[in-house]
Amino acid sequence: MVKVIVRRLVELAVALFLITSATFFLLAAIPGDALSAQTDNLPEAARQRVYAQSGLNKPVLERYATTMTSMLHGNFGESIADPGMTMSKVVHEKLPVSLRLGLQQVLLGIPLGLFFGILAAIYKNTWIDHTVTVLSLLLMSVPSLVLGLLLQSYFGGKLGWFPILGWPEGSQLWFGGWALTILPTVAGALTHVATYARLLKNSMLDILGSDYVQTARAKGVPEYRVVTHHIVRNAAIPVITRLPMTVAFSITGSVFIESIFVIPGIGQYFVQALNNRDVPIVMGETVMLAALYIGSLFLTDLLYMAVDPRIKLYDRKEG
Amino acid sequence: MAEEIIRIRDLHVTFTETSGHVYAVRGVDLTLNHGETLAIVGESGSGKSVTTKALLGLLPTNARVTAETLSYQGQELQQLRRRDYDQLRGRELALIFQDPLSALNPTMRIGKQLGEVLVVHEHLKKAALQARVAAALTSVGLGDAPELARKYPHELSGGQRQRVVIAMALIAHPQVLVADEPTTALDVTLQAQVLALIKAQKTQQDLSILFITHDLGVVANIADRVAIMYAGQIVECGTAEEIFYHPQHPYTWALLEAVPDDSRADETLFSLPGTPPDLHQEPVGDAFAPRNPYALGIDFREAPPRTQLTATHWVRSWLLDPQAPAYEPPAAIQARWHEYAKMKEAAHD
Ligand SMILES: Nc1ncnc2c1ncn2[C@@H]1O[C@H](COP(=O)(O)OP(=O)(O)OP(=O)(O)O)[C@@H](O)[C@H]1O
Ligand SMILES: [Mg+2]
């Protein structure tokens, strides 16, 4: 077990190194940098002073070395385009916004999806099943950007039930200001509803029709026990093991939703930093997002091993 | 006359699908007497599994089951409440499913799956439960029971799984064992071992067995009586001796001719040309007629009645009608009849 964790950590380090290096050189390869917008109209001397101050006048490889070494020390540096902004501020001010948005989407979407999935499985081939199937296919094929815009213009604009833009701040950062959060939450949650309804329906049907459920009945096991001991546990495997990825996606993947609802989360800030070629922030966020994904992959592995005895990702000889 | 433990009369099972109806079982009559082994033999799709599932009340909701009688020890099973059925299943009537791997829950330990039978029927706990599980595993020839009980199905070999499934069926000492092709998934050596095991358990536990197979070679080894099934009906039923040495139905002849000479179990099943009828429509006349070289004109219009030959032997075939023209069974079958006549004579002397 310890070896597994160590191996994952090594993988994480290698992946982070490759990802950050690639990001750095890609950014460097694009014409323009974080200062070009502010300095284009300055006289040459002043321009060079500004560049010297930020270190952007140094050769690429030297900048790369400096950036990587300071990142190794956990120091991502200060934003160039947005003075005063650091990764620690991003983590304290922006991450909670995305975390709350992502968690709300997951907490609303997954239970609803599971509910509809069970309904569709139990009432297979009835209008309930057909409705769930068609709706989930539809929702899965429409991007959350479009869903967000539709919700925004209808419930926010036409009906005027909810505010269109913004996100709770200050003391309401974590709790409260619900009206502002409803539309973006629903926009992201709908995809989860669709995904999980399909996922659970299919795995329930597989298991309801399986021989071992019949065996359990043939043993005289009462139906409620068949459900609790045989069906639920096996049907839950694909759902449980998918959770970490869904959560990670929800937190990091709301870029479009954050943009159209003007929500100051990490996704929106990442896009802004990219547009500004703001190397310290882009690098910092890249590390943060990659760590989230790799962490959730690791969690997925652990969950698989915990819930499915058939899966031995790391057998004893090896791990 | 032996005590009847299971009685099935005029059993019909019809499935409703989006594409229409499937007439899977069409008037099956079966009797299982106390202490005997009755084999049901028939091609794939002939309705063997559906018949056993109807008996155990395990058919899905799209199945419509009707029967004049479907009873266990005189107790009518139709309209039995789910709770009462649960009391019978596993404790009185036990079932071994066709495929031992898929019949076991992949995420539950072997010991727990066996023990579950005793938990629900006898409310056993902990030490007593473990002891019974270990005893059951040992009785089917599985050593190191405590170790095995902690394993998951995928950690066992095919032969071990088949033994586990048998142990699970017998752990609560049922009266009737329904074994649905328990040897089909196994190689020849394992088949023989499993058959020997079932026979041994039968004498030990005073079981009555309904043994399903499509392999007559296996039947010779285990059955007291044999029912031949075709397209949802029993076409011939008799003692093993009557079926093997005095067969009357052309379908039974075809099955016997397909058994290899040394009556060793073999990969090849039936070499009978043609395919069974599509049961999406109810066959007109004798369902076997299109594949039957002995078919008469009437076979295509009207289903043959049941002709009783001896107290134990009956056949559904127009060939036995007094008005049927003379016919000659295949040479191999005539040889068997000869054998039968000699055996009867010897018995008389
Ligand atoms: N749930 C179901 N819905 C619809 N048709 C079914 C269902 N179960 C079985 N059938 C049909 O009933 C017929 C008999 O099936 P059954 O499983 O009893 O065959 P079998 O004799 O056991 O064959 P095998 O040797 O392959 O196990 C087949 O035509 C099958 O397609
Ligand atoms: Mg079958």
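**Reading an interface and its salt bridges**

Biologist: In which helix of chain A is D211(A) found?

Modeller: D211(A) is found in helix α9 of chain A, and before we go further please keep in mind that this is a predicted model. With a relative accessible area of 29%, D211(A) is partly exposed, because buried would need a value under 20% and exposed a value over 50%.

Biologist: Which residues does D211(A) touch, not counting residues up to four places away in sequence?

Modeller: With those sequence neighbours set aside, D211(A) touches F97(B), D99(B), S102(B) and A103(B). These partners belong to chain B, which brings us to the contact between the two chains.

Biologist: How many residues does the contact take from chain A and from chain B?

Modeller: The general idea is that the size of an interface is often given as the accessible area lost when the parts come together. In this case chain A and chain B bury about 2,100 Å² between them, with 55% of it on carbon and sulfur atoms. As for residues, the contact takes 21 from chain A and 27 from chain B.

Biologist: How many residue pairs are in polar contact between chain A and chain B, and how many salt bridges are counted between them?

Modeller: There are 16 residue pairs in polar contact between the chains, counting pairs in which both residues have pLDDT 80 or more, and there are 3 salt bridges between chain A and chain B. On the side of chain A that touches chain B, the elements giving two or more residues are α9 (211–218) and α10 (223–252). The largest share of that side, 7 residues, comes from α10(A). By class, the side of chain A that touches chain B has 7 nonpolar, 6 polar and 8 charged residues.

Biologist: Which residues are linked in a network of salt bridges?

Modeller: The network links R217(A), E223(A), R82(B), D86(B) and R89(B). Reading it pair by pair, E223(A) meets R82(B) in a salt bridge between their side chains, at 2.6 Å from N to O, and E223(A) also forms a salt bridge with R217(A), where the closest N and O atoms are 3.0 Å apart. Within chain B, D86(B) forms a salt bridge with R89(B), the closest N and O atoms being 2.8 Å apart.

Biologist: Why does the salt bridge of K201(A) and D129(A) tie together parts that are 72 residues apart in sequence?

Modeller: The side chains of K201(A) and D129(A) meet at 2.8 Å, N to O. K201(A) lies in helix α8 (residues 178–208) of chain A and D129(A) in helix α6 (residues 127–141) of chain A, so the pair ties together parts 72 residues apart in sequence. Both K201(A) and D129(A) are buried. Over all chains, the count comes to 20 salt bridges.

Biologist: Where does N105(B) lie, and which residue's side chain is joined to that of N105(B) by a polar contact of 3.0 Å?

Modeller: N105(B) lies in the loop between β7 and α3 of chain B and is buried, with a relative accessible area of 1%. A polar contact of 3.0 Å joins the side chain of N105(B) to that of N234(A), and a polar atom of the N105(B) side chain lies 3.0 Å from the backbone nitrogen of T107(B). Not counting residues up to four places away in sequence, N105(B) touches residues of chain A, namely Y212(A), H229(A), H230(A) and N234(A), as well as Q113(B) and P153(B) of chain B.

Biologist: Which residues are the protein donors of the magnesium ion (ligand 2)?

Modeller: The protein donors are S49(B), through OG, and Q98(B), through OE1, lying 1.9 to 2.7 Å from the magnesium ion. The pair links distant parts of the chain, with S49(B) in helix α1 (residues 48–56) of chain B and Q98(B) in the loop between β7 (93–96) and α3 (110–122) of chain B, 49 residues apart. Q98(B) is partly exposed, with a relative accessible area of 35%.

Definitions and conventions. Residues are numbered from 1 along each chain as its sequence is written. Chains are lettered from A and ligands numbered from 1 in the order in which they are written. This is a predicted model: local features need pLDDT of at least 70, side-chain atom pairs count only at pLDDT 80 or more; totals for chains, interfaces and linings use all residues. Side-chain values use heavy atoms; hydrogens and water are left out. Donors are N, O and S atoms within 2.8 Å of the metal (3.2 Å for Na, K and Ca); water is not among the atoms, so sites may look incomplete. Helices (H or I, at least four residues) and strands (E, at least two) are DSSP runs, numbered from the N terminus. Buried means under 20% relative accessible area, exposed over 50%, partly exposed in between (1.4 Å probe, protein chains only). Contact means heavy atoms within 4.5 Å. Buried area is the accessible area (1.4 Å probe) that two parts lose on being put together, summed over both. A salt bridge is a side-chain nitrogen of Lys or Arg within 4 Å of a carboxyl oxygen of Asp or Glu. A polar contact is a pair of N or O atoms within 3.5 Å; within protein, one must be able to donate a hydrogen and the other to accept it, and residues adjacent in sequence count only if both atoms are side-chain atoms. Ala, Val, Leu, Ile, Met, Phe, Trp, Tyr, Cys and Pro count as nonpolar, Asp, Glu, Lys and Arg as charged, and the others, Gly among them, as polar.
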